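Student: I have just opened a structure that is new to me. Could you walk me through it, one question at a time?

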Amino acid sequence: MYTKFKNQLNFNSNSKIYLAISGGIDSMVLSHLLHYFKIDHTLLHCNFNLRAEDSIKDEQFIIDYAKSNRIKFQTISFDTKSESISRKLNTQECARVLRYDWFNSYLAQDDNSILLTAHHLDDSIETFFINTLRGTGLKGLAGIANGKNKIHRPLLKFTKTEIIAFAIKENITFREDESNK
């Protein structure tokens, strides 16, 4: 997986790299790979306060991971339920807006900054089918975009099965989000 991943690093080596990290297996594998290749990155973690104690534990997990690996990090806490009511959005849509508004505040600071997300091939396939069911045009049939709006997804060539096998092989710790099940 290391070689296949290295081939996906198609961004400028002078880029200021931010990694959207939840603590889940996908983003933890991506951070592990960046760390392995000595690619300096800053972790960006959102606490949406939607899962009570688990949200707090996820945030602390990221803080501990960042400190023990000497990786820069930033966290933010949102009152997502209140925000979703005031913005008249469903909870998931509101969380997405809050997350990307915050990420974009970092991307706007430097023309060479990029955001990495841990979307993988299975996510792209899922997006394709969701867009198809919604009756999307040709643009929506592409799945998840890569490299658009300073957002790169270096795991798009990997399946969830490959990511899980790699995490087990490399003994990568992560937190399971029960709501994803």
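**Confidence, then strands**

Tutor: Let's begin with a caution: pLDDT, the predictor's confidence in each residue from 0 to 100, stays under 50 over residues 122-135. For this stretch the model has 16 contacts (heavy atoms within 4.5 Å) beyond four places in sequence. This is a predicted model, where local features need pLDDT of at least 70 and side-chain atom pairs count only at pLDDT 80 or more, while totals for chains, interfaces and linings use all residues. Residues are numbered from 1 along each chain as its sequence is written, and side-chain values use heavy atoms, leaving out hydrogens and water.

Student: What is the mean pLDDT of the protein chain?

Tutor: Where pLDDT is low, the predicted coordinates should not be read in detail. In this protein chain, 80% of the residues reach 70 or more. The mean pLDDT is 83.

Student: Which residues of strand β4 point the other way from Ser113 and Leu115?

Tutor: Strands are DSSP runs (E, at least two residues), numbered from the N terminus. In a regular strand the side chains alternate between the two faces of the sheet. Strand β4 covers residues 113-116, and the four named there are buried (under 20% relative accessible area, 1.4 Å probe, protein chains only). Pointing the other way from Ser113 and Leu115 are Ile114 and Leu116.

Student: Which residue in β4 is the bridge partner of Lys16?

Tutor: Two strands pair if DSSP finds at least two bridges between them. Strand β1 (residues 16-20) runs parallel to β4, with four bridges joining them. The partner of Lys16 in β4 is Ser113.

Student: And in β5, what is the bridge partner of Leu115?

Tutor: Strand β5 (residues 151-152) also runs parallel to β4, through two bridges. In β5, Leu115 is partnered by Ile151.

Conventions. Buried means under 20% relative accessible area, exposed over 50%, partly exposed in between (1.4 Å probe, protein chains only).
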